Amino acid sequence: MDLHTLPKVRDSWSFLYVEHCRVDQEDKAIALHDKRGRTPVPCASLTTLFLGPGTTITHAAVRALADNGCLVAWCGEDNVRFYAVGMGETRSSASLLHQARMWSDPGKRLEVVQRMYEMRFGEPVPPTATLREIRGREGMRVRKAYAAASAATGVPWTGRAYKRGEWHKADYVNRALSAANSYLYGVCHAAIVSAGFSPALGFIHTGKMLSFVYDIADLYKTSVVIPAAFAAAREGSLNLGPRVRLACRQAFVQMRLLRRIVPDIQYALGMEGARDERDAVLDSEGSAPAGLWDPVGTLPGGTNYAHGGGERGKKWMEEGV
Amino acid sequence: MSVVVMVLESVPPGLRGELTRWYLEVHPGVFVGAASGMVRDRLWEKACQSAGLGSCILVHSDTSEQGFAIRTWGPTRRAVDDYDGLKLIRRA
């Protein structure tokens with residue numbers, strides 16, 4: 001399977017949310033089944049599938065989604081998600097290794113953190129600013145975003161509040177914010193994995209398996225989630241779910257989120273343009289073997305090195321002396 | 001200007017003739033063109049009025065996430081469902 005022919009994140013639909021249906025494989029894609037009929041879904045065009053209450057999904061359907069590079073996320077009533085990911089658009093680990101190198105070096109990690117804050121602010125950060133000052137400024141910026149959305153929609157705002165396990169009791173603006181966040185996280189998670197990065201190696205966020213997802217989602221929170229959630233909440237609490245989803249989709253389209261998210265990730269991590277030829281080879285033939293690491297340079301995989309040690313090495317290997 | 005595709009099934013010949021003034025018939029009953037919103041909407045209205053017992057489908061490009069909108073008229077075996085702004089086709 002030539003991975004170059006898989007659709008790119010930038011050309012895909014952001015998400016599809018379904019509930020109360022059975023999801024099964026259909027030809028090389030999937031279809032939704034309920035008492036009203038059968039609805040095929042072109043999942044190669046889809047980045048994220050959210051499965052809401054009342055859904056069942058078959059093994060073959062999950063495989064078809066993974067083959068098409070679509071992330072599947074399960075939504076519970078309290079918005080806690082389980083997820084399944086395929087191998088991603090590219091089998092090469094070059095992107096992930098770059099992310100790991102940037103993450104593990106404190107100086108490089110700080111560069112990425114600063115770049116991410118600059119992307120949120122939309123302007124450069126003075127080199128003398130401390131991380132504490134940057135976080136303070138970000139706190140003010142987010143508070144202003146909530147206040148502005150509240151003023152623009154007339155929806156009252158008393159602060160971000162959610163009690164885990166008591167989600168249904170939260171006021172409906174906070175419910176809308178939690179829901180919109182979870183759709184943004186799902187789409188960001190799918191894009192991160194699709195582009196070959198790790199969702200766990202976060203720079204600003206740390207300690208969770210989705211730390212990098214939170215980093216990337218925060219680039220778009222004030223321009224996507226907050227306006228979308230307040231717009232949906234403006235119409236009241238009835239039927240909030242579908243209206244939040246529609247508002248999110250409209251915000252994703254307006255912001256051209258799918259077009260910019262992978263380039264934004266690469267920019268935040270300080271990556272240059274083209275990948276090297278080896279990655280291109282790996283992607284053209286998904287089952288090409290991985291290389292073997294060696295201090296001098298990578299050795300080709302798929303080879304038995306039993307007699308690779310020269311005469312002395314051969315004697316040691318065969319006789320153990 | 002949007003790209004327009006109209007599919008007509010079992011409609012009177014006069015209607016098909018009218019559409020060939022504006023669009024190319026690339027396949028029996030399948031009409032393609034690029035039209036302004038106004039011309040497109042007027043032709044669609046005319047098609048729905050004159051379709052008789054037949055059916056019409058209109059697909060045209062727009063600014064939504066999918067990049068196109070779908071309208072149907074008459075007895076089709078397929079229905080267009082809206083999933084929070086995403087359109088999918090359901091077969092009974």
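View 1. B:L58 is buried, at a relative accessible area of 0% (buried means under 20% relative accessible area, 1.4 Å probe, protein chains only). This is a predicted model, in which local features need pLDDT of at least 70, side-chain atom pairs count only at pLDDT 80 or more, and totals for chains, interfaces and linings use all residues. Residues are numbered from 1 along each chain as its sequence is written, chains are lettered from A in the order in which they are written, and side-chain values use heavy atoms, without hydrogens and water. B:L58 belongs to strand β4 (residues 55-61) of chain B; strands are DSSP runs of E, at least two residues, numbered from the N terminus. Leaving aside residues up to four places away in sequence, B:L58 touches B:V4, B:V5, B:M6, B:R40, B:W44, B:A69, B:I70 and B:R71 (contact means heavy atoms within 4.5 Å).

**View 2. Interface of chain B and chain A.** Chain B contributes 14 residues to the contact and chain A 20 residues. The two chains bury about 1,500 Å² between them, with 55% of it on carbon and sulfur atoms; buried area is the accessible area (1.4 Å probe) lost on being put together, summed over both parts. On the chain B side, B:E65, B:Y83 and B:D84 lose the most area to chain A, together 45% of what that side buries.

**View 3. Salt bridge between A:R249 and B:E65.** The side chains of these two residues form a salt bridge at 2.6 Å, N to O (a side-chain nitrogen of Lys or Arg within 4 Å of a carboxyl oxygen of Asp or Glu). Across the interface of chain B and chain A, three salt bridges are found.

Definitions and conventions: Helices (H or I, at least four residues) and strands (E, at least two) are DSSP runs, numbered from the N terminus. Buried means under 20% relative accessible area, exposed over 50%, partly exposed in between (1.4 Å probe, protein chains only).
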